[in-house]
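Here is a report on one protein model.

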Amino acid sequence: MRSIALVLVFAFVAAACGGSDGPDADRFCELLDEIEAQDTSGLSPEDALPIIREGRDNFAESIEVAPEEIQADAETVANGAIQFTDLLIEAGGDDSAVDQTAALELVGAVFTPEFDAASDRVETWRSTNCS
């Protein structure tokens with residue numbers, strides 16, 4: 001079920017881009033780099049789980065630090081990614097143990113035209129504002 005993890009990472013990386021005191025474009029861009037670096041391929045569930053949790057934290061932080069002009073779209077994308085990471089966390093980092101029915105329902109609920117449009121807008125913002 002590595003496909004769930006890959007879809008999760010792809011969705012956020014294509015779209016997006018601790019605590020925060022508000023919008024921070026530089027941090028928003030940094031989170032993209034951190035998420036891209038978070039690869040669980042070939043890891044045991046025990047080794048993957050902390051990386052998955054860190055990814056979830058990064059998705060949540062991205063909502064907090066997203067610049068105002070893109071915040072709603074970043075929140076749409078990050079919330080979708082968070083739902084996928086929650087499934088992986090519930091499965092102990094073992095993608096083969098993810099509830100297949102829940103995963104398929106989530107794919108249908110998250111990957112909507114609205115999600116795709118939000119992803120496109122965040123990617124456009126990212127291309128313009130992140131180095």
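## The disulfide

Cys-29 and Cys-130 are both buried, where buried means under 20% relative accessible area, exposed over 50% and partly exposed in between, with a 1.4 Å probe and protein chains only. The two residues form a disulfide, with sulfur atoms 1.9 Å apart. The criterion is a pair of cysteine sulfur atoms within 2.5 Å.

Cys-29 sits in helix α2 and Cys-130 in the segment after α6, so the bond ties together parts 101 residues apart in sequence. The S-S torsion of Cys-29 and Cys-130 is about -75 degrees, so the disulfide is left-handed.

## Basis of the model

The model is predicted: local features need pLDDT of at least 70, side-chain atom pairs count only at pLDDT 80 or more, and totals for chains, interfaces and linings use all residues. Residues are numbered from 1 along each chain as its sequence is written, and side-chain values use heavy atoms, leaving out hydrogens and water.

## Overall make-up

The protein has six helices and zero strands. Its elements run α-α-α-α-α-α from the N terminus. Helices (H or I, at least four residues) and strands (E, at least two) are DSSP runs, numbered from the N terminus. Of the 131 residues in the protein, 43% are buried.

## Where α2 meets α6

Two packed helices are described by the angle between their axes and the distance between the axes. For α2 and α6 the angle is about 105 degrees and the axes are 11 Å apart. That makes α2 roughly perpendicular to α6. The class covers 65 to 115 degrees; under 35 counts as roughly parallel, over 145 as roughly antiparallel and the rest as oblique. Axes are lines fitted to C-alpha atoms, for helices over the stretch in contact, with angles from 0 to 180 degrees between N-to-C directions.

From α2, Ala-25, Phe-28, Cys-29, Leu-32 and Glu-36 meet Val-122, Trp-125, Arg-126 and Asn-129 of α6. Contact means heavy atoms within 4.5 Å.

## Aromatic pairs

Rings of Phe, Tyr and Trp (its six-membered ring) pair if their centres lie within 6.5 Å; planes under 30 degrees apart count as stacked, over 60 as edge-to-face and the rest as tilted. By this rule the count comes to three aromatic pairs. Phe-28 and Trp-125 make an edge-to-face pair, at 5.5 Å centre to centre and 75 degrees between the planes. The pair links distant parts of the chain: Phe-28 is in α2 (residues 25-37) and Trp-125 in α6 (residues 113-129), 97 residues apart. Both Phe-28 and Trp-125 are buried.

Phe-111 and Phe-115 have ring centres 5.0 Å apart and planes at 85 degrees, so this pair is also edge-to-face. Phe-115 is buried, at 5% relative accessible area. Phe-111 counts as partly exposed, at 28%. Ring pairs link Phe-84, Phe-111 and Phe-115 into a cluster.

Helix α3 (residues 45-65) has 21 residues and reaches 30 Å from first C-alpha to last, close to the 30 Å expected at 1.5 Å a residue. The expected span is 1.5 Å times one less than the number of residues. Buried residues of α3 include Leu-49, Ile-52, Phe-59 and Glu-61.

Helix α4 (residues 71-90) has 20 residues and reaches 28 Å, close to the 28 Å expected. Among its buried residues are Asp-73, Val-77, Phe-84 and Leu-88. Just after α4, Gly-92 takes a positive phi of about 70 degrees.
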